[in-house]
2 protein chains.
Amino acid sequence: MTTPSAPSAAGRDLPHPHRSEIRLEGVLHALADPMRLAVVRRLAAGPAEQSCSALDLPVSKSTTTHHFRVLRECGVIRQTYRGTAKLNRLRRDDLQALFPGLLDSVLAAAQAEAVRRA
Amino acid sequence: MTTPSAPSAAGRDLPHPHRSEIRLEGVLHALADPMRLAVVRRLAAGPAEQSCSALDLPVSKSTTTHHFRVLRECGVIRQTYRGTAKLNRLRRDDLQALFPGLLDSVLAAAQAEAVRRA
DNA sequence: GCCGTACTACGACGAGTATCGTATGACTGC
DNA sequence: GCAGTCATACGATACTCGTCGTAGTACGGC
């Protein structure tokens, strides 16, 4: 079937909360899970856009999908399709505008704790 | 029934995690709940030490106790008995030493969101 | 068209948690 | 001693969440 008005590369759209809909408690809840915090740390440290499978979490595919969905629905990451892959990137600008310094503090805290535990 | 090894009167001690035992994910989890975040905000804004009942949360006494316990066990607050009341205060120093700027960022974010919603 | 890859949707299960009511313990003041 | 206040402990309940497996959809290449 021919998609009339949809470009093939980005045919599927995913729902994202608008900047004004992002809630602090949602962001904190999303970051409070170790698996999701690890995802955010790697998105912050590595390339700006990374696919779900590139992060290779130590859980099943289903669970990986679940965590990425939580991060997206809470406004922490933005997801876009690119062929069969889905690319993820941090919503740094939106988070910085809403909660200045919060993301950086959490990332620095995570880094500090990782160093401390090593 | 006479408690044989009754903990002596004024010396009721409550277990607190040592500074080195405080985990980032625990702190974030504690702060992700709206009720607990409200408690922390009021402890930060008001007098340094406030009793449990002084905050007058819109939940039952049992639930209030539960939330204070979570905050204490995650290392966010310190609780000490004073007569019949129990005084709560933020562990600002410990949190600042472990995760510099984190608590202030969260408090500022909560304040910003409260203003935005008004 | 057919197959492989990447991700999703759905249902299920166990663990954790937020809430409550009631009963209990600790302290203060009479 | 007795009563009142503050907070706790315990059990119950309903809900959320993290995890999985299986079945299914979308895309790209053969």
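Tutor: Start with Asp56(B), which is exposed because its relative accessible area is 63%. Buried means under 20% relative accessible area, exposed over 50%, and partly exposed in between, with a 1.4 Å probe and protein chains only. This is a predicted model, in which local features need pLDDT of at least 70, side-chain atom pairs count only at pLDDT 80 or more, and totals for chains, interfaces and linings use all residues. Residues are numbered from 1 along each chain as its sequence is written, chains are lettered from A and ligands numbered from 1 in the order in which they are written, and side-chain values use heavy atoms, with hydrogens and water left out.

Student: Where does Asp56(B) lie?
Tutor: Asp56(B) lies in the loop between H3 and H4 of chain B. Helices (H or I, at least four residues) and strands (E, at least two) are DSSP runs, numbered from the N terminus.

Student: What is the phi of Asp56(B)?
Tutor: Asp56(B) is not a glycine, yet its phi is positive, about 55 degrees. Most residues other than glycine have a negative phi.

Student: And Asp56(A), buried or exposed?
Tutor: Asp56(A) counts as exposed, at 62% relative accessibility. Asp56(A) sits in the loop between helix H3 (52-55) and H4 of chain A, and has a positive phi of about 55 degrees.

Student: New topic: which residues are closest to DNA strand D?
Tutor: Ser60(A), His67(A), Thr65(B), Arg69(B) and Lys86(B) are the closest of the 23 residues that surround DNA strand D. A residue is near a strand if one of its heavy atoms lies within 4 Å of it. Of the atoms of DNA strand D that come within 4 Å of the protein, sugar and phosphate account for 75%.

Student: Which helix gives the largest share of the surface near DNA strand D?
Tutor: That is H4(A), with four residues. Ser62(A) is in helix H4 (residues 61-73) of chain A and, at 58% relative accessibility, counts as exposed.

Student: What about H2 of chain B, how many residues has it?
Tutor: Helix H2 (residues 34-45) of chain B has 12 residues. Its buried residues are Arg36(B), Leu37(B), Val39(B), Val40(B) and Leu43(B). Seen down the helix axis, they fall within an arc of 155 degrees, so they line one face of H2(B). The arc is that of the directions from the helix axis to the C-beta atoms. At the start of H2(B), a side-chain oxygen of Asp33(B) comes to within 2.8 Å of the backbone nitrogen of Met35(B).

Terms used: The expected span of a helix is 1.5 Å times one less than its number of residues. A polar contact is a pair of N or O atoms within 3.5 Å; within protein, one must be able to donate a hydrogen and the other to accept it, and residues adjacent in sequence count only if both atoms are side-chain atoms.
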